[in-house]
Amino acid sequence: MRIDIVSIFPDYLAPLGLSLVGRAQQSGAVTVAVHDLRQWTHDVHRTVDDSPYGGGPGMVMRPEPWGEALDALAEPGSRLLVPTPAGERFSQRMAQRLAGEERLIVACGRYEGIDQRVIDHAAGRMSVTEVSLGDYVLFGGEVAALVILEAVVRLLPGVLGNADSLVEESHSSGLLEAPLYTKPASWRGLAVPEVLRSGDHARIARWRREQALLRTATHRPDLLAELPADALDPRDREV
Ligand SMILES: COc1ccc(Cn2ccc3ccc(-c4cc(N)[nH]n4)cc32)cc1
């Protein structure tokens with residue numbers, strides 16, 4: 001997968017070169033390139049914004065630099081990702097969908113957002129997804145891009161060492177993860193649940209499922225409602 005990210009604050013995306021995403025780049029699982037939008041401006045002030053038509057607070061990002069950036073970066077099959085408060089809610093399911101793409105271009109807006117014609121024009125030549133992280137407002141798209149790209153890159157083949165951790169992880173089962181414990185067996189008077197040290201793998205799997213259901217019912221009952229009908233077996237109802 002190739003990912004091109006365009007921003008007026010390219011240094012904001014530096015963390016993508018660290019840790020797992022950095023290793024994924026070294027392994028060849030993904031190529032990430034960050035571009036400064038201002039390289040597609042031509043005035044002495046390298047202007048990227050202007051006041052909104054119709055009035056209103058703040059500034060809007062001008063279409064011309066974005067148009068030239070997408071002209072330079074878009075290839076057949078590219079998907080344009082545009083973080084915005086007004087987008088489709090990001091989810092693990094969307095991350096899984098995006099992990100199947102060959103080429104992603106992420107347009108990181110600032111100010112009050114990007115001139116709508118950039119998205120409309122792009123939709124005439126590539127797939128476009130406007131994506132929101134949730135119902136809260138950020139200063140721009142860069143932090144959203146970091147979250148989205150981390151969730152996508154970790155799903156790429158060979159990126160996570162232990163494939164099992166992909167299979168077992170929460171949200172892929174539709175439930176939240178059960179509580180995790182490691183050594184020591186007792187810490188500040190708090191013991192690890194005996195079942196996890198029993199060696200009885202069937203019992204451990206049952207306990208983890210029960211804990212996942214309880215946690216989901218407590219913190220995210222909305223996820224329970226989304227579970228497929230056959231996801232809950234009769235024993236689950238005993239929880
Ligand atoms: C109320 O309207 C606003 C519109 C944009 C902004 C600032 N801004 C500019 C570009 C940009 C890209 C993404 C986001 C964002 C995404 C989520 N989930 N929260 N915030 C915010 C962004 C502030 C307010």
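Which of the 16 residues around the ligand come nearest? They are Pro83, Leu133, Gly134, Tyr136 and Leu138; a residue belongs to this shell if one of its heavy atoms lies within 4 Å of the ligand. The model is predicted, so local features need pLDDT of at least 70 and side-chain atom pairs count only at pLDDT 80 or more, while totals for chains, interfaces and linings use all residues. Residues are numbered from 1 along each chain as its sequence is written, and side-chain values use heavy atoms, with hydrogens and water left out.

**Ligand site**

By class, the shell holds eight nonpolar, six polar and two charged residues. Here Ala, Val, Leu, Ile, Met, Phe, Trp, Tyr, Cys and Pro count as nonpolar, Asp, Glu, Lys and Arg as charged, and the others, Gly among them, as polar. Strand 5 (residues 78–89) gives the most to the shell, with three residues. Helices (H or I, at least four residues) and strands (E, at least two) are DSSP runs numbered from the N terminus.

| Residue | Protein atom | Ligand atom | Distance |
|---|---|---|---|
| Serine 132 | polar side-chain atom | nitrogen | 3.2 Å |
| Leucine 133 | polar backbone atom | nitrogen | 2.9 Å |
| Tyrosine 136 | polar backbone atom | nitrogen | 2.6 Å |

Taken alone, the ligand exposes 520 Å², and the protein buries 81% of that. Accessible areas come from the Shrake-Rupley method with a 1.4 Å probe; for residues, only the protein chains shown count as cover.

Threonine 84 lies in strand 5. Its side chain reaches the backbone nitrogen of alanine 86 at 3.0 Å. Not counting residues up to four places away in sequence, threonine 84 touches Glu130, Val131 and Ser132, where contact means heavy atoms within 4.5 Å.

**Nonpolar cores**

A nonpolar core is a set of buried Ala, Val, Leu, Ile, Met, Phe, Trp, Tyr and Cys residues joined through side-chain atoms within 4.5 Å. Buried means under 20% relative accessible area, exposed over 50%, and partly exposed in between (1.4 Å probe, protein chains only).

The largest core has 32 residues, of which Ile3, Ile5, Phe90 and Ile148 touch the most other members. Two or more residues each come from strand 1, helix 1 (19–27), helix 3 (92–98), strand 6 and helix 5 (142–153). Helix 5 supplies the largest share, eight residues. Leaving aside neighbours within four places in sequence, isoleucine 3 is in contact with Val30, Thr31, Val32, Ala33, Leu104, Val106, Leu149 and Val153. A second, separate core of 19 residues includes Val6, Leu80, Ile114 and Met126.

**Serine 7**

Is serine 7 buried or exposed? Serine 7 is buried, because its relative accessible area is 0%. The residue sits in strand 1 (residues 2–7). A polar atom of its side chain lies 2.7 Å from the backbone nitrogen of phenylalanine 9. Apart from residues up to four places away in sequence, serine 7 touches Leu13, His35, Asp36, Leu37, Cys108 and Glu142.

**Loop residues**

Glycine 113 is placed in the loop between strand 6 (103–107) and helix 4 (116–123). With a relative accessible area of 22%, glycine 113 is partly exposed. Its contacts, not counting residues up to four places away in sequence, are Met59, Val60 and Met61.

Proline 57 is found in the loop between strand 3 and strand 4 (60–61). At 66% relative accessible area, proline 57 is exposed. Beyond neighbours within four places in sequence, proline 57 is in contact with Pro52 and Glu112. Proline 57 and glutamate 112 are 55 residues apart in sequence and 8.0 Å apart in space, C-alpha to C-alpha.

**Backbone features**

Which peptide bond is cis? The bond from lysine 183 to proline 184 is cis, with omega near 10°. Proline 184 lies in the loop between helix 6 (163–168) and strand 8 (186–187).

Arginine 46 has a positive phi of about 55° although it is not a glycine. Arginine 46 belongs to the loop between strand 2 (31–36) and strand 3 (49–50), and is partly exposed at 38% relative accessible area. Arginine 188, also not a glycine, has a positive phi of about 50°. Arginine 188 occurs in the loop between strand 8 and strand 9 (190–191), and counts as exposed because its relative accessibility is 71%.

Conventions: Polar contact = N/O pair within 3.5 Å; in protein donor to acceptor, adjacent residues only side chain to side chain.
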